[in-house]
Amino acid sequence: EKAGYEHFMMKEIHEQPKAVLDTLNSVLEDGKIDLSEVGLEEESIRNIQQIYIIACGSAYHVGMAAQYVIEDLAQIPVRVELASEFRYRKMALNTNSLAVIISQSGETADSLAALRKCKENGIHTLGIVNVVGSSIAREADNVFYTLAGPEISVATTKAYSTQLIAAYTLAIQFAMVRGTITEEAYSNYISELQTLPDKICKILEDKERIQWFASKQANVKDAFFVGRGIDYAISLEGSLKMKEISYIHSEAYAAGELKHGTISLIEDGTLVIGVLTQPDLYEKTVSNMVECKSRGAYLMGLTTFGNYNIEDTADFTVYIPKTDPHFATSLAVIPLQLLGYYVSVAKGLDVDKPRNLAKSVTVE
Ligand code: F6R
């Protein structure tokens, strides 16, 4: 059942190249993105004034990454909302909007309630859902099915990765329809997406190195994941993976926020993981890492091959293959999933069923 892996989580981590490829291929036709199965009309794509992305947990982190990509490529303002907050907030909603509800299970109570709130307010809804026939899939106006297959491990990996693909393809298609990118850029983005499965495979080939690092870090008390822009979105997911299965206190910070309070927590040996996939923000985050190091932090850098000067600052570095920075989340998340996994294993914890957590949160 676990196909030779010790845990479902490891099996599902290795299923990511295929899940990503399947999801991508499901919306590609002759090298172009085709959303006709999803059901979004070009006319309605042109009229979107605002996008609300609403979700919980890791699916919310997909929304955070998607926000940067959609805003940059399609130039549509995006608000990312925690479903549990959105459903109770009394706010003026822009009805010329698209609400995107992201949910693996399609049964998360808060996400379903948020979807219903949008519909009651006349907002068009799109579900990005993994489970066919689930409540969110049934009630949303349109559905983009992720093809991750069944996910057993409580900590999501492959569903998260396929949700990212859904978000990227929406961003690229919205941009094309609205004329905010050239045809050449459009083709280049699609070609780049097609390279992701192989690049994920490459990262997985190096997992022993992460395992070694995880065994050294298994006893740390606190970990901080820092980054800017898309790297902040990646940090949020890396931090959640760490805390939920390894029970290490961990936080994600937008790197520029450190000096507004959090840096007082940095002391000798505190683990700080800097995520550095965005070229235009690289130097900024490195300087924040240097500030942590001078207060005693132990630094891991997560960056792209070529950025070798990170070794002047970081104590340990993990490199990922180059990709278009918009899509870096898909690669950078893999070592962070592995890190959470191997720390959990090193501590002898129940990786697939962490304490206090359920796979599907159907009560609020
Ligand atoms: C974390 C995790 C959760 C889910 C969240 C939403 O690894 O799996 O944070 O992402 O509970 O679940 P779905 O996507 O089913 O709505």
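This tour visits a helix pair and then a ligand site.

The model is predicted: local features need pLDDT of at least 70, side-chain atom pairs count only at pLDDT 80 or more, and totals for chains, interfaces and linings use all residues. Residues are numbered from 1 along each chain as its sequence is written, and side-chain values use heavy atoms, leaving out hydrogens and water.

**Stop 1: the helix pair**

Select residues 158-177, helix H8, and residues 183-205, helix H9. Helices here are DSSP runs (H or I, at least four residues), numbered from the N terminus. Their axes lie 10 Å apart, at an angle of about 170°. Axes are lines fitted to C-alpha atoms over the stretch in contact, and angles run from 0 to 180 degrees between N-to-C directions. H8 and H9 are therefore roughly antiparallel (over 145 degrees).

Now show side chains. On H8, pick Ile-165 and Tyr-168, among others; on H9, the partners include Tyr-186 and Leu-193. Contact means heavy atoms within 4.5 Å.

**Stop 2: the ligand**

Next, check the polar contacts (N or O pairs within 3.5 Å). Glu-244 places a polar side-chain atom 2.6 Å from a ligand oxygen. For Ser-105, the side-chain N or O atom is 2.7 Å from a ligand oxygen. For Lys-241, a polar side-chain atom is 3.0 Å from one.

Notes: Helices (H or I, at least four residues) and strands (E, at least two) are DSSP runs, numbered from the N terminus. Angles under 35 degrees count as roughly parallel, over 145 as roughly antiparallel, 65 to 115 as roughly perpendicular and the rest as oblique. A polar contact is a pair of N or O atoms within 3.5 Å; within protein, one must be able to donate a hydrogen and the other to accept it, and residues adjacent in sequence count only if both atoms are side-chain atoms.
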